[in-house]
Amino acid sequence: MNYSMGEFDVAVVGGGHAGVEAALSAARLGCKTVLFTISLDQIANLPCNPSIGGTAKGHLVREIDALGGEMGKAADKCFIQSRMLNRGKGPAVHSLRVQADRTRYHEYMKKACEKQENLEIKQAEVSEIITENNKITGVRTKLGAEYKVKAVIVATGTYLKGKIHIGEQSFESGPDSALPSTLLSQSLIDNGIEIRRFKTGTPCRVHKRSIDFDAIQRQDGDEEIVPFSFETDKENLENQVSCYISYTNAETHKVILDNLHRSPLYSGRIEGVGPRYCPSIEDKIVRFADKERHQLFIEPMGLDTDEYYLQGMSSSLPEDVQRDFLRTIKGLENVEIMRPAYAIEYDCCDPVQMKPTLEFRQISGLYGAGQFNGSSGYEEAAAQGLVAGINAAKKIQGKDELILDRASSYIGTLIDDLVTKGCADPYRMMTSRSEYRLILRQDNADQRLTPIGYEIGLISEERYEKLKIKVEQVEKEIKRVKKLNIAPSEEINEFLVEMGTSPLSTGCKLADLIRRPQLGYDMLDRFDDSRPLLDSEVREQVEVQIKYEGYIPKQLEQIEAMRKMESKKLPEDLDYKTVYGLRLEAVEKLNRQKPQNIGQASRISGVSPADVSVLLVWLEQQRRAK
């Protein structure tokens with residue numbers, strides 16, 4: 001028997017990282033929002049590695065914060081170790097990563113949702129979306145509760161028909177043995193949504209007392225800690241734990257290969273497609289047979305637990321085999337497994353069914369976010385959840401929806417890749433995916449996106465004004481160092497030689513010295529008597545912008561050309577069979593994905609440069625005909 005439980009503007013299905021950001025953003029924009037989760041104890045759970053950020057993922061977290069999302073603030077409050085990756089390379093690929101306290105992170109996000117005005121949280125399994133004339137009208141739970149809503153955001157993570165595999169054993173389950181969502185898939189299929197099967201995995205958890213820390217390499221956090229959120233006070237940040245590194249060996253590989261027939265991955269019992277860039281240990285050993293060893297990171301799960309996580313060692317082998325191969329690894333000879341590793345299969349959609357707003361084309365008011373969209377990772381999920389929540393709210397309020405292009409952000413690149421190129425396996429963000437990464441650095445995420453967050457309504461007036469002051473200070477200081485003359489002297493030449501760069505024979509501008517690879521803005525402090533007292537973020541921007549000055553104009557030219565193509569809009573109701581000259585494959589792909597503009601069309605797999613030329617000619621003919 002069905003019964004009514006009220007009316008809401010937005011329903012968010014799933015309380016993981018995508019669902020939390022979606023629900024918070026929709027509620028903060030004034031929409032009456034309801035967040036459904038299988039379990040209140042699973043809100044913003046970290047079921048795999050308890051870490052936030054990493055290569056390219058750190059960019060996403062800073063962009064989420066710059067737009068007004070919550071993930072960066074939560075990570076700053078709950079981290080126990082912080083490291084900036086790729087410091088030996090240029091600023092474009094610097095990426096922040098923190099080890100988070102798993103329990104504290106969940107508690108922080110649960111409290112953020114509980115305290116949020118306009119947001120109600122329900123522990124329930126959504127079994128059905130209700131539509132009329134291809135438009136969302138409500139949702140129904142497994143218990144028969146019906147909620148009238150105007151928009152639904154599906155953010156089911158790995159819960160949707162989740163199935164766990166450990167060796168020969170398999171059973172229906174969400175991550176961490178939580179209940180799966182078993183009914184919603186069929187409702188989505190009945191509404192014309194194409195569903196497929198992906199797979200991911202997580203390593204086992206082991207007991208701290210069974211690790212020989214003296215036998216393995218220690219990895220400490222950075223002395224100078226950079227926060228994720230542009231609003232976090234740096235003074236109160238400190239590392240509290242160390243992580244550790246060990247390696248597999250020939251004996252480890254032999255144990256795994258001898259038991260490969262017991263892995264569901266190789267016996268054929270796993271149907272889902274696994275992640276290309278985060279394979280299981282058995283997959284690594286088979287695919288990279290020439291490698292003598294593989295690295296693993298031994299990381300604490302939190303301050304109040306003795307559980308440790310073995311990053312890089314996900315597996316679907318039986319528990320006894322997991323124990324046997326782990327005990328061949330240095331430092332783990334007496335390891336005690338607390339939770340075995342497992343593979344998990346789950347249902348997700350093909351994201352090419354969506355617009356860049358993350359709304360499905362075939363159902364008005366239905367949005368997707370996170371692993372339901374075919375991506376992997378907490379950060380990718382949170383970024384999509386934020387955008388889906390913003391766009392659901394904007395659509396309900398009759399406002400222009402938010403579309404971030406590839407030149408604006410890693411978030412824009414992520415979403416564009418998903419909705420135009422699709423993904424054959426779980427999609428992971430990497431710096432190499434962005435052709436504009438010199439401009440899309442993590443250090444300038446606030447300058448790129450905070451004005452957008454302010455315009456949307458997720459950034460406060462106070463924060464926006466602080467950003468404007470920062471930008472002014474950066475511009476003013478860059479002008480000053482470009483004008484300031486540095487005369488040759490014995491003192492400065494000794495310093496330059498010591499730093500491995502050539503001495504001065506004539507005077508030069510301070511900016512010219514900052515540009516040298518061996519030097520930086522802060523290092524030249526003693527030769528700059530007129531230097532103003534500036535915040536570290538301002539000083540960083542001065543240095544990075546001066547060093548990148550020669551490269552940025554070329555990227556800006558590329559961006560201008562890209563945006564020129566994006567400005568050439570294509571009709572949403574265009575039947576590409578009527579466009580003479582297009583190849584059959586292009587017609588099929590274009591009719592399926594309905595690109596919004598020429599730029600998006602050009603990035604669809606199967607659409608050639610010749611097809612793009614045909615579309616440009618067709619658009620010009622239409623313009624002249626009008």
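**Close-up 1. Ser173 sits in the loop between β13 (169-172) and α5 (184-190).** Helices here are DSSP runs of H or I with at least four residues, strands are E runs of at least two, and both are numbered from the N terminus. This is a predicted model, where local features need pLDDT of at least 70, side-chain atom pairs count only at pLDDT 80 or more, and totals for chains, interfaces and linings use all residues. Residues are numbered from 1 along each chain as its sequence is written, and side-chain values use heavy atoms, with hydrogens and water left out. Ser173 is buried, at a relative accessible area of 3% (buried is under 20%, exposed over 50%, partly exposed in between; 1.4 Å probe, protein chains only). Its side chain gets to the backbone oxygen of Ala178 at 3.2 Å. Setting aside neighbours within four places in sequence, Ser173 has contacts (heavy atoms within 4.5 Å) that include Gly162, Lys163 and Ile344.

**Close-up 2. Three strands form an open sheet in the order β4-β6-β5, with antiparallel pairing.** Pairing takes at least two DSSP bridges between two strands. At the edges are β4 (51-53) and β5 (79-85), each pairing on one side only. From one strand to the next, the twist averages 20 degrees. β4 and β6 (residues 95-100) share three bridges, and Ile52 stands opposite Val98 in β6.

**Close-up 3. Helices α10 (residues 378-396) and α11 (residues 410-421) pack at about 90 degrees, axes 10 Å apart.** Axes are lines fitted to C-alpha atoms, for helices over the stretch in contact, and angles run from 0 to 180 degrees between N-to-C directions. On the α10 side, the contact uses Glu380, Ala383, Gln384 and Val387, while α11 brings Ile411, Leu414, Ile415 and Leu418.

Conventions
A polar contact is a pair of N or O atoms within 3.5 Å; within protein, one must be able to donate a hydrogen and the other to accept it, and residues adjacent in sequence count only if both atoms are side-chain atoms.
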